[in-house]
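Subject: Structure for your files

Hello,

Here is the structure I said I would pass on, with my notes below it. Please read them with the model open beside you.

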Amino acid sequence: MKRREFSLAAASALAASTLTVPAAHAQGKKFVAGTDYLVLDKRAMVETPPGKVEVIEFFWYSCPHCNAFEPALDNWVKRLPKDVNMRRVPVAFNASFVPEQRLYYTLEAMGKLDELHVKVFYAIHVERQPLDRDAGITAWVQKQGLDTAKFAEIYNSFSVATKVRRATQLQDAYKVSGVPALGVAGRFYTDGELAHSMERALQITDYLIGESRKSA
């Protein structure tokens with residue numbers, strides 16, 4: 001698996017605190033293309049209506065960095081302006097990641113993401129439950145009180161398989177090489193290695209949202 005290395009300690013410290021730099025202040029900063037963020041050679045597809053800016057978090061449930069980043073990301077999302085649409089995209093650097101991609105999209109289809117997304121991280125990183133294979137996922141889903149037959153039907157459906165394929169295509173379009181990572185407006189990419197911390201990555205993302213508005 002290719003993963004850019006950045007400090008888990010920094011990510012953990014971020015998870016325990018809120019951002020120290022307001023979005024407006026971050027937008028006033030000048031971040032450098034090629035150093036703080038990358039500009040895509042070819043624009044990636046977006047699912048956001050005209051007039052809105054799409055932000056994507058690329059993540060993997062089993063990634064400790066993504067687990068540590070989640071609370072801070074959630075706080076950041078709650079403060080986003082109405083013209084910004086944020087969505088998560090689970091990555092697959094190899095075939096072993098696919099069950100967790102399917103888990104995410106099945107929970108989404110069942111309307112259970114808000115309730116169970118964070119619980120998946122907790123099950124993997126705190127309870128050490130094996131959610132990287134179908135059997136472990138089924139056992140965990142049953143403990144959550146979900147209809148396992150309905151879950152299995154959706155999990156193995158063509159629609160979920162299509163979403164998994166599109167997620168991997170989008171990951172490739174953004175040239176994601178490590179998680180967590182952030183994509184903006186189908187044009188920009190940053191991550192913990194480029195930004196030097198995920199706190200700063202969010203500041204850069206605020207700046208890129210502003211840049212995207214200018215060329216919308």
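His 196 sits in the loop that runs between α9 and α10 (198-214). The model is predicted, and in it His 196 has a positive phi of about 80 degrees although it is not a glycine. Is His 196 buried or exposed? Its relative accessibility is 62%, so His 196 counts as exposed.

Ala 185 also has a positive phi without being a glycine, and the value there is near 60 degrees. Ala 185 belongs to the loop between β4 and β5 (188-191). With 18% relative accessibility, Ala 185 counts as buried, the cut-off being under 20%. A further positive phi, near 60 degrees, is found at Lys 175, which follows α8.

Val 179 and Pro 180 are joined by a cis peptide bond, with omega at about 0 degrees. Pro 180 is in the loop between α8 and β4.

Next, the chain as a whole. The protein chain has 10 helices and 5 strands. It has 216 residues, of which 50% count as buried. Of the contacts between residues at least 6 apart in sequence, 75% join residues at least 24 apart.

Leu 194 is in helix α9, residues 192-195. Leu 194 and Gly 34 are 160 residues apart in sequence, while their C-alpha atoms are 8.6 Å apart in space. At 13% relative accessibility Leu 194 counts as buried.

The other is Ala 181, in strand β4, residues 181-184. Ala 181 has 0% relative accessibility and therefore counts as buried. What does Ala 181 touch, not counting residues up to four places away in sequence? The residues are Ile 56, Glu 57, Phe 58, Val 176, Tyr 189, Thr 190 and Asp 191. Ala 181 and Val 89 are 92 residues apart in sequence, and the distance between their C-alpha atoms is 9.9 Å.

Now the helices, starting with α8. Helix α8 covers residues 158-173, which is 16 residues. From first C-alpha to last, α8 reaches 22 Å, close to the 22 Å expected at 1.5 Å a residue. Which residues of α8 are buried? They are Val 160, Thr 162, Val 164, Ala 167, Leu 170 and Gln 171. An α-helix has 3.6 residues a turn, so residues three or four places apart point the same way.

Two helix pairs were examined. The crossing of α4 past α5 is right-handed. On the α4 side, the contact is made by Glu 100, Leu 103, Tyr 104, Leu 107 and Glu 108. On the α5 side, Leu 113, Leu 116, His 117, Val 120 and Ile 124 take part. By type, the residues of the contact of α4 with α5 divide into 7 nonpolar, 1 polar and 2 charged.

The second pair is α6, residues 134-143, with α7. Here the axes are 10 Å apart and the angle is about 140 degrees. That makes α6 oblique to α7. α6 also passes α7 in a right-handed crossing. The residues in contact are Asp 134, Ile 137, Thr 138, Val 141 and Gln 142 of α6, together with Thr 148, Phe 151 and Tyr 155 of α7. The residues of this contact comprise 4 nonpolar, 3 polar and 1 charged.

Regards

How values were computed: Residues numbered from 1 in each chain as written. Predicted model: local features only at pLDDT ≥ 70, side-chain atom pairs only at ≥ 80, totals over all residues. Heavy atoms only, no water. Helix = DSSP H or I, 4+ residues; strand = E, 2+ residues; numbered from the N terminus. Expected span 1.5 Å × (residues − 1). Buried < 20%, exposed > 50% of the residue type's maximum accessible area, 1.4 Å probe, protein only. Axes fitted to C-alpha atoms, helices over the stretch in contact; angles between N-to-C directions. Parallel < 35°, antiparallel > 145°, perpendicular 65-115°, else oblique. Left-handed = near helix turned anticlockwise from the far one by under 90°. Contact = heavy atoms within 4.5 Å. Nonpolar A, V, L, I, M, F, W, Y, C, P; charged D, E, K, R; others polar.
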